[in-house]
Amino acid sequence: MICISDCFECKHQRDKLLDGWIPCCDAFPDGIPLDFKFGKVKEMKECNNGIGFEKKEE
């Protein structure tokens, strides 16, 4: 399983992987692009489709 720390902490992250290995979320339902700026997710206002990082509730 691929783990992207910022994305893993986001409430929009999906547990199911596409094709068994492609991470996806509400912003990227068809898979998070490889060139996505993973290190800046928490700083970005929007990731895609009007959806941005929102920390999961504890």
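These legends describe close-up views of a predicted model. In this predicted model, local features need pLDDT of at least 70 and side-chain atom pairs count only at pLDDT 80 or more, while totals for chains, interfaces and linings use all residues. Residues are numbered from 1 along each chain as its sequence is written, and side-chain values use heavy atoms, with hydrogens and water left out.

**View 1. The whole chain.**
The chain has 1 helix and 0 strands. Helices (H or I, at least four residues) and strands (E, at least two) are DSSP runs, numbered from the N terminus. Of the 58 residues, 36% are buried. Buried means under 20% relative accessible area, exposed means over 50%, and partly exposed lies in between (1.4 Å probe, protein chains only). The chain exposes about 4300 Å². Carbon and sulfur atoms supply 52% of that area. Accessible areas come from the Shrake-Rupley method with a 1.4 Å probe; for residues, only the protein chains shown count as cover. Take contacts (heavy atoms within 4.5 Å) between residues at least 6 apart in sequence: 40% of them join residues at least 24 apart.

**View 2. The largest nonpolar core.**
A nonpolar core is a set of buried Ala, Val, Leu, Ile, Met, Phe, Trp, Tyr and Cys residues joined through side-chain atoms within 4.5 Å. The largest one holds 11 residues. In soluble globular proteins, nonpolar side chains tend to be buried together. Beyond its neighbours within four places in sequence, Phe 53 contacts Asp 6, Glu 9, Cys 10, Val 41, Lys 42 and Cys 47.

The structure holds 0 disulfides (pairs of cysteine sulfur atoms within 2.5 Å). For Cys 10, the closest cysteine sulfur is that of Cys 47, at 6.4 Å, too far for a bond. Cys 10 is buried, at 7% relative accessible area. Cys 25 is in no disulfide either; the nearest cysteine sulfur belongs to Cys 7, 6.2 Å away. Cys 25 is buried, at 11% relative accessibility.

**View 3. The surroundings of Gln 13.**
Gln 13 sits in the segment after helix H1 (5-8). Gln 13 is buried, at 17% relative accessible area. Its side chain makes a polar contact of 3.5 Å with the side chain of Lys 56. A polar contact is a pair of N or O atoms within 3.5 Å; within protein, one must be able to donate a hydrogen and the other to accept it, and residues adjacent in sequence count only if both atoms are side-chain atoms. Leaving aside neighbours within four places in sequence, Gln 13 is in contact with Cys 7, Phe 8, Cys 24, Cys 25 and Lys 56.

**View 4. The salt bridges.**
A salt bridge is a side-chain nitrogen of Lys or Arg within 4 Å of a carboxyl oxygen of Asp or Glu. By this rule there are 3 salt bridges. Side chains of opposite charge can pair when their charged atoms come close. Lys 55 meets Glu 9 at 3.7 Å, N to O. Both lie in the segment after H1, so the pair ties together parts 46 residues apart in sequence. Lys 55 is partly exposed at 48% relative accessibility, and Glu 9 is partly exposed at 27%. Asp 26 meets Arg 14 at 3.2 Å, N to O. This pair also lies in the segment after H1, so it ties together parts 12 residues apart in sequence. Asp 26 is partly exposed at 32% relative accessibility; Arg 14 is partly exposed at 34%.

**View 5. The surroundings of Glu 54.**
Glu 54 lies in the segment after H1. Glu 54 is partly exposed, at 35% relative accessible area. Its side chain forms a salt bridge with that of Lys 11 (3.1 Å, N to O). The pair links distant parts of the chain, 43 residues apart. Lys 11 is partly exposed, at 45% relative accessible area. A polar contact of 3.0 Å joins the side chains of Glu 54 and His 12. Not counting residues up to four places away in sequence, Glu 54 touches Glu 9, Cys 10, Lys 11 and His 12. Glu 54 and Cys 7 are 47 residues apart in sequence but 9.3 Å apart in space, C-alpha to C-alpha.
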